[in-house]
Amino acid sequence: MNEKRLEGPGPLHRLDGALSACGWATQLELAYDRTRIKAPGWRIKEWDYYLVNDGAYAVALTLGDLGYLGLVSASVIDFAQAAYKTTSVITPFPLGRFRLPSTSREGISSFENGRVSFLFEAGNGERRLHARFAQFDGDDDLVFDAVLSDEPEDTMVIATPWAEDPLAFYYNQKIVAMRARGSFKKGLLVHGFAPDDSFGLLDWGRGVWTRDNTWFWGVAQGWQDGQGGARPGSHCFGLNLGYGFGDTSAASENRAFVDGTCHKLHRVDFGVPEKPAAASARKVADRYDLLAPWHVTDDEGRLDLMFTPLLDRADCINALVVRTDQHQVFGTFDGTVVLDDGTPFRIAGLQGSAEVVHNVY
């Protein structure tokens, strides 16, 4: 494996707008500064995505200032019923007015209008999440509150360029397998997230993208004993896998986390089954059989997983110059990950998601 590790401190961008370095890290070694970006403001993408889950439900919140549009979105996933509800509010041309923080370590991300209120507060070793969404599901409102703590020592950080555009970049941190406590209320449904069996993750991203991209991202978190069991209180295990977005020749984002320690993986393939007419398909769902089992592997023989889908959280947006075709498939992972010291770590029934997204911005 020939990947470059980022070293800091220092700025993410040079004065000419190019990335100062490309590669991977376990923390935000390089400082993001929006004023150093030379691309026009309407191309800049900034987002915070949180997900909290236990064995019964997941709640996902997205707060994104995507230049052309602002996206404020909430999802509730019911694993027992294999059902979900997603509701979004779209605002035109925020162009940085969301003022999302330049770091994930501390700060406030917020949005409020007459229908929805999101507040994410990071600092003092905790992340406090609050969301209120009127008429989230018909006449049912959604109220969600959670606290994420026990942030792992290692996280996934990657600084990625695009070969065809020197001003395009992707600076991303994913913090997987934080401990979570809280609750949500949707209409008459009330569910609590107990800290013994609830986990939270953050997808923090800042970047300038090229016009047309398709990416794959998988993430999972939960208790695993390493022997093929999911005994509570054993190992706090996290998985982050992804590819297809930018020029990842300097580093991939593929990692396994055992009790907060990163084990770096190289190139992966999600093995998503294709449909017979895949070659001529224009939509993600027409190309892939998303609810058939996926065989996830890598190029070093360290990753061998079967992903068994439960439901496809499809979310498509077509807003003039912006189009997104997103399929976030929730299910379970089973198989083996070989850790950095050569130890096979077996996982079973690990709850997570794997997505295929085609974006045109």
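**Aromatic rings in this model**

Counting ring pairs gives 29 aromatic pairs in this structure. Please keep in mind that the model is predicted. A pair of aromatic rings is described by the distance of the centres and the angle of the planes.

- Y68 is buried, its relative accessible area being 17%.
- F93 is partly exposed, at 44% relative accessibility.

**A stacked pair**
- F216 and Y243 are stacked, with centres 4.7 Å apart and 5 degrees between the planes.
- F216 sits in strand 16 (residues 212-224) and Y243 in strand 17 (residues 235-243), so the pair links distant parts of the chain, 27 residues apart.
- F216 is buried at 11% relative accessibility, whereas Y243 is partly exposed with a relative accessible area of 22%.

**A cluster of rings**
- F216 and Y243 also belong to one aromatic cluster, together with F270, Y288, W294, F307 and F333.

**Charges over rings**
- K45 places its charged end over the ring of W209, 5.7 Å from the centre of that ring.
- K264 lies over the face of W24, and the distance to the ring centre is 5.6 Å.

Conventions
Residues numbered from 1 in each chain as written. Predicted model: local features only at pLDDT ≥ 70, side-chain atom pairs only at ≥ 80, totals over all residues. Heavy atoms only, no water. Phe/Tyr/Trp six-rings, centres within 6.5 Å; stacked < 30°, edge-to-face > 60°. Buried < 20%, exposed > 50% of the residue type's maximum accessible area, 1.4 Å probe, protein only. Helix = DSSP H or I, 4+ residues; strand = E, 2+ residues; numbered from the N terminus. Lys NZ or Arg CZ within 6 Å of the ring centre and 35° of its normal.
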